[in-house]
Amino acid sequence: MSTIRVQVSSDFVLLRAGLQALLANCLPPEMISESNAGYAAVENARRVQPDILLLDIPQDDPRIFAMIEELKTQVPSLSIIALTEMEDRALAIRLLRAGVKGYLSHRESIAELTQAVETVARGDVFLCPSASSALLDEYRGQGRARGAHRVKVEN
């Protein structure tokens, strides 16, 4: 696997330090930078041009979607993995629709973190189990909402 340029953005210093240490031990990142969350993440990403941004999503921050849009504009090649303490189905769906390439709960394992970074680095989407479930439920719900129905087969 080639090197990956990663940025870790969180308002929590210990979370940033822990994620950096884990990534340094588990992956071959070329560079790991850090910043606070919010618009400091945008400024840092624009400056260092990482491949992946691990973005800790602040609870109930109404600016997060505007910030994601700004990140996509300022650093178009950037792939974002949302990290969240909340296992909120609606949030997972909204983040995916906003263009986030990965969704990872704080409750996941180190192996899940590594897999998320590797998966997104390959250009694929990574969803932790709670987000996968939410997406599947959303898909199933849309099928019913669009008038899907069962077909009775007669013998």
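These legends accompany close-up views of a predicted model.

**View 1. Strand 3 is enclosed.** Strand 3 covers residues 52–56. Of its 5 residues, 5 are buried, so the strand is largely enclosed by the rest of the structure. In a regular strand, side chains alternate between the two faces of the sheet. Here one side carries Ile-52, Leu-54 and Asp-56. The other carries Leu-53 and Leu-55. Both faces are covered.

View 2. Gln-7 has Leu-53 of strand 3 as its bridge partner. Strand 4 (residues 79–84) also runs parallel to strand 3, joined by 5 bridges. Ile-52 is bridged to Ser-79 in strand 4. Together with helix 3, strands 3 and 4 form a right-handed β-α-β unit.

**View 3. The largest nonpolar core has 42 residues.** Leu-54, Leu-55, Leu-71, Ile-81, Leu-95 and Val-117 touch the most other members. Helix 3 (residues 64–74) gives the most to this core, with 5 residues.

**View 4. Surroundings of Leu-55.** This view leaves aside neighbours within four places in sequence. The remaining contacts of Leu-55 include Ile-64, Met-67, Ile-68 and Leu-71. Leu-55 also contacts Ile-80, Ile-81, Ala-82 and Leu-83. Ser-9, Ala-37 and Ala-41 are in contact with Leu-55 as well.

**View 5. Arg-16 and Glu-34 form a salt bridge.** Their closest N and O atoms are 2.5 Å apart. Arg-16 lies in helix 1 (residues 13–26) and Glu-34 in strand 2 (residues 29–35), so the pair ties together parts that are 18 residues apart in sequence. Arg-16 is buried, at 8% relative accessible area. Glu-34 is partly exposed, at 36%.

View 6. Lys-72 is partly exposed, with a relative accessible area of 36%. Glu-69 is also partly exposed, at 44%.

**View 7. Asp-124 and Arg-122 form a salt bridge.** The N to O distance is 3.7 Å. Asp-124 is partly exposed, with 38% relative accessibility. Arg-122 counts as exposed, at 57%. The whole structure holds 4 salt bridges.

Definitions and conventions. Residues are numbered from 1 along each chain as its sequence is written. This is a predicted model: local features need pLDDT of at least 70, side-chain atom pairs count only at pLDDT 80 or more; totals for chains, interfaces and linings use all residues. Side-chain values use heavy atoms; hydrogens and water are left out. A nonpolar core is a set of buried Ala, Val, Leu, Ile, Met, Phe, Trp, Tyr and Cys residues joined through side-chain atoms within 4.5 Å. Buried means under 20% relative accessible area, exposed over 50%, partly exposed in between (1.4 Å probe, protein chains only). Helices (H or I, at least four residues) and strands (E, at least two) are DSSP runs, numbered from the N terminus. Contact means heavy atoms within 4.5 Å. A salt bridge is a side-chain nitrogen of Lys or Arg within 4 Å of a carboxyl oxygen of Asp or Glu. Two strands pair if DSSP finds at least two bridges between them. A crossover is right-handed if, with the strands pointing away from the viewer, the path from the first strand over the helix to the second runs clockwise.
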